[in-house]
Amino acid sequence: MATDTNTKSMSLIVTKGSLDWAYPPFILATTAAAMGLNVTMFFTFYGLSLLKKKLDLKVTTLGNPAMEMPMFGMHIGMPNVVSAIPGVDAAASVMMKNLIKKKGVASIEELRDMALEADVKMIACQMTMDLFEYTPKDMIEGPVLGGAATYIETATKSDINLFI
Amino acid sequence: MADQVLDVKGLNCPLPILRAKKALKDVPMGNTLEVLATDPGAVKDFEAFCRTTGNELIESKQDNNVFSFVIKRTS
């Protein structure tokens, strides 16, 4: 399949590391791989934390007026001032994870494993590793280290390039 | 009657497609796989999946809240 010259390809730049933002890149990467595309993910800045061995992803209600959680039979948003109360983000994260489980949505760990299993190529941004003082020991096995040029080379050959 | 059946009821996007892709690998060429799902988004998704991967969607139907897709492995 990979040697087929008609094989389409997709690359994604993953820049965000919160629970909600982790979903789009992993859903699209695993699905594209399942549909026969060669997929490359470039993890940079906060997105790099999605490659850590142990994930403890969180959401924040701060500055997100579109975030409405289904509660008590209605949808409840969070004013910014509530987000500042200690424990609110932790509670929102727990609530989101419960919803995810209840609705049969995969966990990020599951999607990440499936991406690796489907031979999705992962590039961990070397500069971000230095900036945030991560070592390869902190990260899962599979991703290679690289920089902007490594990504650009892939992007020039890809049919679809996404920034998330 | 399909040669193999995959039950992904209760699972949400993109799991029905991912599980189906995995199951299709073990279906001999020309044989069929029936996928049972409850995700309404799967209707459009299985059409797109089959078109893109070159497999044949022989049947797509709904019985109450359960969707059934019969895929013939042709690629």
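Visitor: In which loop of chain A is A:Phe45 found?
Guide: Happy to start there: this is a predicted model, where local features need pLDDT of at least 70, side-chain atom pairs count only at pLDDT 80 or more, and totals for chains, interfaces and linings use all residues. Residues are numbered from 1 along each chain as its sequence is written, while chains are lettered from A and ligands numbered from 1 in the order in which they are written. Helices (H or I, at least four residues) and strands (E, at least two) are DSSP runs, numbered from the N terminus. A:Phe45 is found between strand E2 (38-43) and strand E3 (68-71) of chain A.

Visitor: How many C-beta neighbours inside 10 Å does A:Phe45 have?
Guide: Most residues other than glycine have a negative phi. A:Phe45 is not a glycine, yet has a positive phi of about 45°. A residue is buried with 20 or more other C-beta atoms within 10 Å of its own, exposed with 12 or fewer, and partly exposed in between, the C-beta atoms being placed from the backbone. A:Phe45 counts as partly exposed because its number of C-beta neighbours inside 10 Å is 16.

Visitor: And A:Glu133, is that residue buried or exposed?
Guide: A:Glu133 also has a positive phi, about 55°, although it is not a glycine. Its place is the loop between helix H5 (126-131) and strand E6 (144-146) of chain A. With 7 other C-beta atoms within 10 Å, A:Glu133 is exposed.

Visitor: What pattern does chain B follow along the sequence?
Guide: Chain B has 2 helices and 4 strands. Read along the sequence, they give β-α-β-α-β-β.

Visitor: What percentage of the residues of chain B count as buried?
Guide: The C-alpha atoms of chain B fill a box of roughly 30 × 25 × 15 Å along the principal axes. Of the 75 residues of chain B, the buried ones make up 33%.
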